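Hi there,

Here is the structure I promised to send over.

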Amino acid sequence: MNVTDVLDLLGIFVFAVSGCVVAVKHRFDMVGLVALGTVTGLAGGITRDVLIGEIPPVALREWEWLVVPIVAAVVVAVLPGWVERLSQPVLVFDAAGLGLFAAVGASRAVDAPVSIPAAVLVGAISAIGGGLLRDVLAGEVPQIFSADSKLYAIPATVGALVVVIGDELALPDTPVQIGAAVIAFGLRMGALHFGWHAPIPRRAIEVDDLRSRP
Amino acid sequence: MNVTDVLDLLGIFVFAVSGCVVAVKHRFDMVGLVALGTVTGLAGGITRDVLIGEIPPVALREWEWLVVPIVAAVVVAVLPGWVERLSQPVLVFDAAGLGLFAAVGASRAVDAPVSIPAAVLVGAISAIGGGLLRDVLAGEVPQIFSADSKLYAIPATVGALVVVIGDELALPDTPVQIGAAVIAFGLRMGALHFGWHAPIPRRAIEVDDLRSRP
Amino acid sequence: MNVTDVLDLLGIFVFAVSGCVVAVKHRFDMVGLVALGTVTGLAGGITRDVLIGEIPPVALREWEWLVVPIVAAVVVAVLPGWVERLSQPVLVFDAAGLGLFAAVGASRAVDAPVSIPAAVLVGAISAIGGGLLRDVLAGEVPQIFSADSKLYAIPATVGALVVVIGDELALPDTPVQIGAAVIAFGLRMGALHFGWHAPIPRRAIEVDDLRSRP
């Protein structure tokens, strides 16, 4: 297990905590807590691996990847007060996880036989996929789509883009990955601090729903 | 890039536009617009490729497949008036995309080691998968399930079935695919024009929800 | 086709019936009925096969796997009275399907290059994945997460765990699988009869939603 793996597992832990907190918010039972934490922590990376053909996904090959979300669920269930006190740090960790996942995801993708924009997409999916599925399973519209959300997908995409560009320029891997993670982390923290939003289309489109047209 | 690929990309463009329009309807920001357009345009084909073992999916191997939904998102965001004027044509294009995806999807599936009914299913999934995921991510019950929807899955299934039967009879590929796409297109347009519905089960089943039984 | 396959198909039939009943409850049309039945019956096994690298999934390689959900949809649509009279048996069959899927899923997973906890997870996913997707597509929060649901994921997990432990101890396959299915079935029936619940985290966490933090 190398440094990247440790950082990956740290990111999974933080994402899993966010899933467990959503589960508690919805008053799910312990099964829902463990399930939503696991999904949030692992779904992004599993989707990434299936898409690039690394099957079985690393999360199923290495047992540590599955133990981490269970630990997160136990922590949230047993120490809710600790999670409350850590909520601000958790947000920082979440941003760090976002950056790490985007960088790790994109660097795995550039080694796979996918196109250059696909490597960026796969990196971004690694970072945002778990949270997306968390929201769908909890019955919410994914927060990253919402007009009042702070930047989330954009930092992930930028981080993945940096890795892919660095790979094209044959720059050394590790500094590029660290730089990409730091940039994505910084963009996300800046968005949280300064309230940066993605632009919203300037006006509604006045068409009937395409699907219910007579 | 052959004719099939061009038609595939045209179908992706039209489906992506439909996803972007739904995103605008829900007041998603630009990230949501791009994400929902990409999902709607590509999810059906990506699911198809994963199921038949063509991994990485073509949408990740060839960069054009990823650029098309982004172009669609920019068009919808920048030229909403153009989309409004084109809404009737878009509905026609959507029906054309449905036919093309069903035909292309089924012909890819018959070359894979799947059963005959599975090739039909995979063709239909190619055609309807993107729209299904679009609705789930937008927090709506998938329109194709709804009792007041016009025929959508049935034209896709019939189109895929034509390709599979043609393959079994060893008919020449290209005319069969074109014929299948035209038939699916015609069924969908007929359903829109004449209001054809799928039958609805004649009465509700008077059982408690199976899952909440004491 | 061996005994396991027959039991697998029986489980698919019962799960498909549960999906069709939910479709009728929501007044979906026949397309929705067939689609939701197929998803409920097959999605767990397809997800399992994709995750462990058995692609195309068995449900797409063997035509019987696709015919069974269609038969289930026809039965529910044509014979709703029969389904009503069978609702109590269906609940029993559903518990049997849960046990069978967990045991079959876990035994397929232990033959794949996945970690030991991953084999348990994959077995549980086999058993609960279809119902989970059924609920999401029907626009409901998955019932297995709910605080008032009876044990469902836990019997599946225990059944899968028994298979994995038996495999580690090199016990003979068939008796272990049957025992695992019986144990999972018994736990589920006990939960239904005695109202066993999973524990609920003792109190809500007083943090703002992590995702909407300023």
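Below are my notes on the chain contacts, the UniProt records and a few local details.

First, some housekeeping: this is a predicted model, in which local features need pLDDT of at least 70 and side-chain atom pairs count only at pLDDT 80 or more, while totals for chains, interfaces and linings use all residues. Residues are numbered from 1 along each chain as its sequence is written, chains are lettered from A and ligands numbered from 1 in the order in which they are written, and side-chain values use heavy atoms, with hydrogens and water left out.

**Chain A with chain C**

Chain A brings 45 residues to this contact and chain C brings 39 residues, where contact means heavy atoms within 4.5 Å. About 3,600 Å² is buried between chain A and chain C, and carbon and sulfur atoms give 69% of that area. Buried area here is the accessible area (1.4 Å probe) that two parts lose on being put together, summed over both. A:R27, A:D29 and A:L60 supply 17% of what chain A buries against chain C, more than any other three residues.

There are zero salt bridges between chain A and chain C (a side-chain nitrogen of Lys or Arg within 4 Å of a carboxyl oxygen of Asp or Glu). Two residue pairs are in polar contact, both at pLDDT 80 or more. A polar contact is a pair of N or O atoms within 3.5 Å; within protein, one must be able to donate a hydrogen and the other to accept it, and residues adjacent in sequence count only if both atoms are side-chain atoms.

Which helix of chain A gives the most to the side that touches chain C? That is α2(A), with eight residues. Helices (H or I, at least four residues) and strands (E, at least two) are DSSP runs, numbered from the N terminus. By residue type, this side of chain A divides into 27 nonpolar, seven polar and 11 charged. Ala, Val, Leu, Ile, Met, Phe, Trp, Tyr, Cys and Pro count as nonpolar, Asp, Glu, Lys and Arg as charged, and the others, Gly among them, as polar.

**Chain B with chain C**

Here 39 residues of chain B touch 45 residues of chain C. The buried area is about 3,600 Å², with 68% from carbon and sulfur atoms. Between chain B and chain C there are zero salt bridges and two residue pairs in polar contact. Helices α2 (30-52), α7 (116-137) and α8 (153-168) of chain B each supply at least two residues to the side that touches chain C, and α7(B) gives the most, with six residues.

**What UniProt says**

An unreviewed UniProt entry places "domain: Glycine transporter" at residues 6-79 and 92-165 of chain A. UniProt positions are in the numbering used here, feature names are shortened, and annotations may be inferred rather than shown by experiment. In the model, residues 6-79 of chain A are 84% helix and 0% strand.

**Local details**

The peptide bond from A:I55 to A:P56 is cis, with omega near -5°, and A:P56 sits in the loop between α2 and α3 of chain A. In chain B, a cis peptide bond joins B:I55 and B:P56, with omega about 0°. B:R27 is not a glycine, yet has a positive phi of about 60°; B:R27 lies in the loop between α1 (3-25) and α2 of chain B.

Best wishes
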